[in-house]
Number of protein chains: 2
Amino acid sequence: MGAPVEPPLRKPLPETLVAALGERLGDRFHVGQAMCDEHGRSETHFSPMPPDAVAFARSTDDVVAVVNLCRQAGVAVIPFGAGTSVEGNTLAVRGGVSLNLSRMDRILQVNAEDFDCVVEAGVRREELNAHLRDQGLFFPIDPGANATIGGMASTRASGTNAVRYGTMREAVLSLTVVTADGRVIRTSRRARKSAAGYDLTRLFVGSEGTLGIITEVTLRLHAIPEAISAATCSFETIGGAVDTVVQSIQLGIPLARVEILDDIQIRAVNVWSKLDLPEQTTLFFEFHGSERYVAEQVETVGELAAANGGGEFRWSHRTEERNALWKARHEAYYAAVNLRPGAIGWATDVCVPMSRLAECIAETKADLQNSSVPATILGHVGDGNFHVVFSIDPTKAAELEEVRAINNRMVRRALAMDGTCTGEHGIGLGKQEYLVEELGEAVDLMRAVKQALDPQGVLNPGKIFS
Amino acid sequence: MGAPVEPPLRKPLPETLVAALGERLGDRFHVGQAMCDEHGRSETHFSPMPPDAVAFARSTDDVVAVVNLCRQAGVAVIPFGAGTSVEGNTLAVRGGVSLNLSRMDRILQVNAEDFDCVVEAGVRREELNAHLRDQGLFFPIDPGANATIGGMASTRASGTNAVRYGTMREAVLSLTVVTADGRVIRTSRRARKSAAGYDLTRLFVGSEGTLGIITEVTLRLHAIPEAISAATCSFETIGGAVDTVVQSIQLGIPLARVEILDDIQIRAVNVWSKLDLPEQTTLFFEFHGSERYVAEQVETVGELAAANGGGEFRWSHRTEERNALWKARHEAYYAAVNLRPGAIGWATDVCVPMSRLAECIAETKADLQNSSVPATILGHVGDGNFHVVFSIDPTKAAELEEVRAINNRMVRRALAMDGTCTGEHGIGLGKQEYLVEELGEAVDLMRAVKQALDPQGVLNPGKIFS
């Protein structure tokens, strides 16, 4: 099972390297099978590919030491955060050392007046927001999982707030990075904007650990709005839901969140999160602003929804209700996979220009309806980005092939609409052939950059391109 | 006069190259002195450095041809748009061919439902907005000059709307680029976001023509708001003005524009643009939204301004008044230089975290008050970014040295505050030593990327780093 990747070129770790890492890290260095297996698993359908050892870093200095020792030994280093990526991004394709940064979990600075903070790479997004809440600030990027900030930067993650607050591309102000040759660099100062040289920050954001290892991240923050309202609204058609969003944006409504879930995903969420939403295409909305302005946004969007075949808005007025709604949305992946007991998940995503989104979702939906594998559609409709989650019976090899074919058609459909093969999951192992279809010779430039910054190919080899 | 740069390594263009370019471009290829001089001038204080020839491109194919012929001959290619950059970014340090893209001025697509457009690199921002207006769309990035979109992408320009709408970093969705080896690549699809591989778009944005030549740009657009209100407000102190902005942002007010002009800049603007503003530190505001929401923003910000020593808001209610106000702001550079007849300008900028902005401006102001050279301060206060414009008597060599020293102190002050040596002008020739002070060994990575993508050093040599 698993995506077709080149055969692993494994060899045992040199004994001198094992000794040196053991000496440097003590009980934070592991060669036991259980620990390696834990770092060789994927959240989704990829076959396990365990590393030969696992190193836990406590500091940027630890990362430097591991990178230097591994480079000198010609051994791969695979940075690892929460392990929640979905395109096999942390699998040890060629063995090597999995470098776990989850214990680098200190929040180093919160600069409230500057709306920024500096965190170690292993801080998780939920813990960061819990820390920020008392200061009236929040960090908006929210992939489904409680991922680490370093991992989110590495995959250019986004989530439900991206339509209003952007993705990790916009959220990261600066990075501390350990390079392949063991240097520690900072990609930018803490100023909000800069025209000083090449944009190294954006070069490392989304590079999936292949160009350097992110150890600290300076993040842009936002003020918690005075008023927040969330609601769900069912629609007769996918087109009606998408049109409501397009028209809202045309009117300048700053939708904070607007998520689409198809009927199957709603059924899955109802079961998993014990909700009772009508099993129809549904938008989950959130509005941010002053009390008066939120009321105005709600009024306008309500009128647009009604004109586009939307039903009544069901409001989550209290904070607990609202949190329950978004928790259900964040757990939608698990809800979808659990449509079948014992199933494994396959999550894929594409992103297309807004004008093609309704068509792209509808065609994908038709394809899913002809499939024997249960699958849900959910997406960040304000960005033109949507996911399909398949619930695969692992005992049926044919199902994996069927899903692979559907995924293939979905990606090619998006590319034909001038879209991208992944809006927020990254390339990892699963989308490499599509990256080339999408960008052609531009991928040669990426290879040239990789060769320039990691000439020995030590950093997360086999990812993005092989 | 001019910044200290390494001595030009000039040699006459090979005759075979002149013949080949002449054959390819016909009357769009020039070797005459007048045309070369026109492309060897800077908007600011840099000494003229003319190219040896000027080529006008009409198409991406023209650009490919010029790049290939010049690379084969070992001759530099310097992309040129409107020539309005201020750090000597288009000067022909080592001679070569200035490649003028201003005749590539077609608007190729406007995708209203997707809020984007595709333009050739030579389109200017004012012409683009004139074209978009009827469709209810606008492109917000507005450096002072009517620059080309390609030039704005190359210097990572921003302007007065950046606090709300971002800079060229956020505005560019995709680029068509001619590489140093003459290939045509597209950096991204037209989707709003993507996690597909390295962020080549952001790598080229701000690379000042040193990594490739941008020939087409896909831009993110915005809906023209239902209501727009602009006002000016004078303050007793710089700190009062800055605090008003910080507190507004903390309250979640989405200021569309908020510009600071010091008393000297106001005097210059009053003369140049025939206004009668009080000669005090002044904020220029603009609010965007629905009628009701703009009224609410105005009310809140008015209260904050009053509490921070601000005077009455002077409103520009009619569109013509508002346009006149922003025209005055956009011409502030020329107004400042013209404080003295026959003077030449030196424009510099830095950007610091918001919490340090008032202090940084105040210390800079004190420094200027001790100088014999007239100078103004103006800035994009919501970003922490401000400019100083000096009005230098070209007959007095000592003035240039005095300005150089003030600029030096200003940049180091910003760096000491964790700021950047340039918020939106770029490095060009003028800020190279500061780039190294700012980012240290990270600059080595930039050099490695340059070496990987332009191994022969053909593209705009001597810029960003020498």
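How many salt bridges does the count between domain 1 of chain A and domain 4 of chain A give? The count is one salt bridge, a term that here stands for a side-chain nitrogen of Lys or Arg within 4 Å of a carboxyl oxygen of Asp or Glu. The side chains of Lys431(A) and Glu87(A) meet in a salt bridge with an N to O distance of 3.8 Å.

The model is predicted, so that local features need pLDDT of at least 70 and side-chain atom pairs count only at pLDDT 80 or more, while totals for chains, interfaces and linings use all residues. Residues are numbered from 1 along each chain as its sequence is written, chains are lettered from A in the order in which they are written, and side-chain values use heavy atoms, with hydrogens and water left out.

Chain A is assigned domain 1 (15-103), domain 2 (107-223), domain 3 (227-329) and domain 4 (334-442), with bounds that come from an automatic or database domain assignment. The centres of domain 1 and domain 4 of chain A, taken over C-alpha atoms, are separated by 29 Å, and their contact (heavy atoms within 4.5 Å) takes 11 residues from domain 1 and 13 residues from domain 4. Between these two domains of chain A about 940 Å² is buried, 61% of it given by carbon and sulfur atoms; buried area is the accessible area (1.4 Å probe) that two parts lose on being put together, summed over both. On the side of domain 1 of chain A, His45(A), Val86(A) and Glu87(A) lose the most area to domain 4, together 60% of what that side buries.

Arg189(A), Lys193(A) and Tyr198(A) supply 14% of the area that chain A buries against chain B, more than any other three residues. Across this interface there are 18 salt bridges, and Arg183(A) forms a salt bridge with Glu441(B), in which the closest N and O atoms are 3.1 Å apart.
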